[in-house]
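Subject: Structure handover

Hello,

Here is the structure for you to look over. My notes follow below it.

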Amino acid sequence: ADRFADRLERDVGNDVKRQVARAYELAYCRAPQEAEVNAATDFISQYGLAAFCRVAMNANEFLYVD
């Protein structure tokens, strides 16, 4: 999660919304919906980017293929 967060910062800088968009692109191969961006930015402001990355990598969408 820490390395994923580092990559997001390298790729898009410190803009949280761009970090969320890039994380979704890398982890889920899609753009996030507006509600997902809002929830993620709130989460990041409370717990940090690395914690968000940990959550993203533990999501069903990341772990299971439909």
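Helices here are DSSP runs of H or I, at least four residues long, numbered from the N terminus. By that count, arginine 22 sits in helix α2. Bear in mind that this is a predicted model.

Arginine 22 first. Is it buried or exposed? The cut-off for buried is under 20% relative accessible area. Arginine 22 has 18% relative accessibility, so it counts as buried. Its side chain makes a polar contact of 2.9 Å with the side chain of aspartate 11. Beyond four places in sequence, arginine 22 contacts Arg7, Leu8, Asp11 and Val12.

One of those partners is worth a stop. Valine 12 belongs to helix α1. Its relative accessibility is 14%, so valine 12 is also buried. Setting aside residues up to four places away in sequence, valine 12 touches Arg18, Gln19 and Arg22. Valine 12 and glycine 48 are 36 residues apart in sequence. In space, their C-alpha atoms are 16 Å apart.

Next, the core. The largest nonpolar core has 15 residues. Phe4, Leu8, Val20, Leu49, Phe52 and Cys53 have the most contacts inside it. Helices α1 (2–12), α2 (16–28), α3 and α4 each supply at least two of its residues. Which helix gives the most to this core? That is α2, with five residues.

Phenylalanine 4 shows some of these contacts in detail. Leaving out neighbours within four places in sequence, phenylalanine 4 contacts Ala23, Leu26, Ala27, Cys53 and Met57.

Now the α3–α4 pair. Two packed helices are described by the angle between their axes and the distance between the axes. Helix α3 covers residues 34–47, and helix α4 covers residues 49–58. Their axes come within 7 Å and cross at roughly 130 degrees. The two helices are therefore oblique to each other. On the α3 side, Ala40, Phe43, Ile44 and Tyr47 make the contact. On the α4 side, Leu49, Ala51, Phe52 and Val55 do. What kinds of residue make up this contact? Eight are nonpolar, none is polar and none is charged.

Last, the burial of α4. Its buried residues are Leu49, Ala51, Phe52, Cys53 and Ala56. What covers them? The cover includes α1, α2, α3 and α5 (60–63).

Over to you.

Best wishes

Terms used: Residues numbered from 1 in each chain as written. Predicted model: local features only at pLDDT ≥ 70, side-chain atom pairs only at ≥ 80, totals over all residues. Heavy atoms only, no water. Axes fitted to C-alpha atoms, helices over the stretch in contact; angles between N-to-C directions. Parallel < 35°, antiparallel > 145°, perpendicular 65-115°, else oblique. Contact = heavy atoms within 4.5 Å. Nonpolar A, V, L, I, M, F, W, Y, C, P; charged D, E, K, R; others polar. Core = buried A, V, L, I, M, F, W, Y, C linked by side-chain atoms within 4.5 Å. Buried < 20%, exposed > 50% of the residue type's maximum accessible area, 1.4 Å probe, protein only. Polar contact = N/O pair within 3.5 Å; in protein donor to acceptor, adjacent residues only side chain to side chain.
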